[in-house]
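Please look over the model shown here. A short report follows it.

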Number of protein chains: 2
Amino acid sequence: MSIRSAKPADVPAILQLIKDLAVYEKAPDAVKSTEENLRVALFGEEPKVFAHVAEDGGKIVGIAIWFLNYSTWMGTHGIYLEDLYVDPEFRGKGYGIALLKSLAKICVERGYSRLQWWVLDWNEPSINFYKSLGAVPMDEWTVFRVDGQALQNLGKVTA
Amino acid sequence: MSIRSAKPADVPAILQLIKDLAVYEKAPDAVKSTEENLRVALFGEEPKVFAHVAEDGGKIVGIAIWFLNYSTWMGTHGIYLEDLYVDPEFRGKGYGIALLKSLAKICVERGYSRLQWWVLDWNEPSINFYKSLGAVPMDEWTVFRVDGQALQNLGKVTA
C-alpha cells in the first residue's frame, strides 16, 4: 500500500476522484474545478491546499485534499480535510484509514491539535467508520455559508 | 468606524477578546493560546491565519480571525471565519457586520467563492443575524474532530 504526497502528474486522476465523490454526494454537476486551477492550487507558488494520494499498482485510487485551519483556543494550526475518497473498486483494503493516518501523522509531527472534516448526515457508513477511529461529531455546531449573489452583496462597499 | 488588518501591537487586545468569546461560548477555560503563539501565528513568516479588528476611539472592540479554505467543487479558495466577536459594550453599532463585510470584500476581490464560519446551535441571536445577511446553514453536514489521545493514536505509524 502506498500513500504519498500528490505530484503534478496526478492532477487528472485527482480531479476524476473529486468528480466521483460529487456523484456519491448526490451533486454530480457541482464540480466546476478544472485540471488547470487544481494544478495551480496544489502546485503553484506557496500552495495553501494539499493532496495525499493512495496508489494501487500505479493507479491513483484514493485522495485526501486538505488545508490548514487554526484554533484560537489551542493557539495551534490543525488540518481540515476537505475531501476524502477511495474508488469503490478499491475499498476495504485500508486506503481510507491509511490516508487519514497520514494526515494524523502530520498533525502529531507538527504539533497540530486537531484533525477535522465534515460529513453528510445521511452517510452512515462513513460516520460509523470515523467514530471507530475516535472522531467526535461536533453536534452543537452548524456551519453557515455565504456565497453567490449574497456574497457579492455583502462584499459591496457601502457609504 | 474603523475596520483594519490587525497589527502586532493589537495582539494583547485580540487575545483578550478571544478569551471573552470563550466565556460567552461557555468554555471559559478553553483558551490555551498565549500572546506569543498568537503573535507568531498572525505575524510570523508566511502567516496562515489572519485578523481584522474593529477600532472605536483607539480601542480594539471587535475581532475577526480567519484563514483560507479551499473548495474542490468550485476550484477556488474561500475564507473560513474562525472567530467573530464584538465587545458587548460596543454592540449595536454595526461592528459585527462591518467585520463580515470586510471579509466578504476580500472574497469578491480575490474571486473566492465562499465565506464560511460555524455557529453554536443555541446562539439564536447570531443565527438570525447571519441569516439576515443571506448566510445559509449547512444543516445536512456535521463536523467531525479527532484530537488529544485519539489523534496521537491515529498518527502512530503501524507496521
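## Basis of the model

This is a predicted model: local features need pLDDT of at least 70, side-chain atom pairs count only at pLDDT 80 or more, and totals for chains, interfaces and linings use all residues. Residues are numbered from 1 along each chain as its sequence is written, chains are lettered from A and ligands numbered from 1 in the order in which they are written, and side-chain values use heavy atoms, with hydrogens and water left out.

## The interface

Chain A and chain B meet through 72 residues of chain B and 72 residues of chain A. Contact here means heavy atoms within 4.5 Å. The two chains bury about 6,900 Å² between them, 63% of it on carbon and sulfur atoms. B:Trp73, B:Phe144 and B:Arg145 supply 14% of the area that chain B buries against chain A, more than any other three residues. Buried area is the accessible area (1.4 Å probe) that two parts lose on being put together, summed over both.

What does the polar count between chain B and chain A come to? There are 26 residue pairs in polar contact, both at pLDDT 80 or more. A polar contact is a pair of N or O atoms within 3.5 Å; within protein, one must be able to donate a hydrogen and the other to accept it, and residues adjacent in sequence count only if both atoms are side-chain atoms. By class, the side of chain B that touches chain A has 40 nonpolar, 16 polar and 16 charged residues. Ala, Val, Leu, Ile, Met, Phe, Trp, Tyr, Cys and Pro count as nonpolar, Asp, Glu, Lys and Arg as charged, and the others, Gly among them, as polar.

Helices (H or I, at least four residues) and strands (E, at least two) are DSSP runs, numbered from the N terminus. Two strands pair if DSSP finds at least two bridges between them. Strand 5 (residues 114-120) of chain A pairs with strand 7 (residues 141-147) of chain B, antiparallel, over 7 bridges. There, A:Trp117 has B:Phe144 as its bridge partner.

Strand 7 of chain A pairs with strand 5 (residues 114-120) of chain B, again antiparallel over 7 bridges. A:Phe144 is bridged to B:Trp117 in that strand. Strand 7 of chain A also pairs with strand 6 (residues 136-137) of chain B, antiparallel over 2 bridges. In strand 6, the partner of A:Phe144 is B:Pro137. Of the 7 residues of strand 7 of chain A, 6 are buried, so it is largely enclosed by the rest of the structure. Buried means under 20% relative accessible area, exposed over 50%, partly exposed in between (1.4 Å probe, protein chains only).

## Hairpins in chain A

Strand 3 (residues 59-71) of chain A is mostly covered, with 12 of its 13 residues buried. Strand 2 (residues 50-56) joins it through 7 antiparallel bridges. These two strands form a hairpin with 2 residues between them, and A:Gly57 in the turn has a positive phi of about 55 degrees.

Strand 3 also pairs with strand 4 (residues 76-86) of chain A, antiparallel over 10 bridges. A:Ile65 stands opposite A:Asp83.

## Two loop residues

A:Lys26 sits in the loop between helix 1 (11-24) and helix 2 (35-43) of chain A. Its phi is near 65 degrees, a positive value in a residue other than glycine. A:Lys26 is exposed, with a relative accessible area of 62%.

B:Glu46 lies in the loop between helix 2 (35-43) and strand 2 (50-56) of chain B. Its phi is near 45 degrees. B:Glu46 is partly exposed, at 46% relative accessible area.
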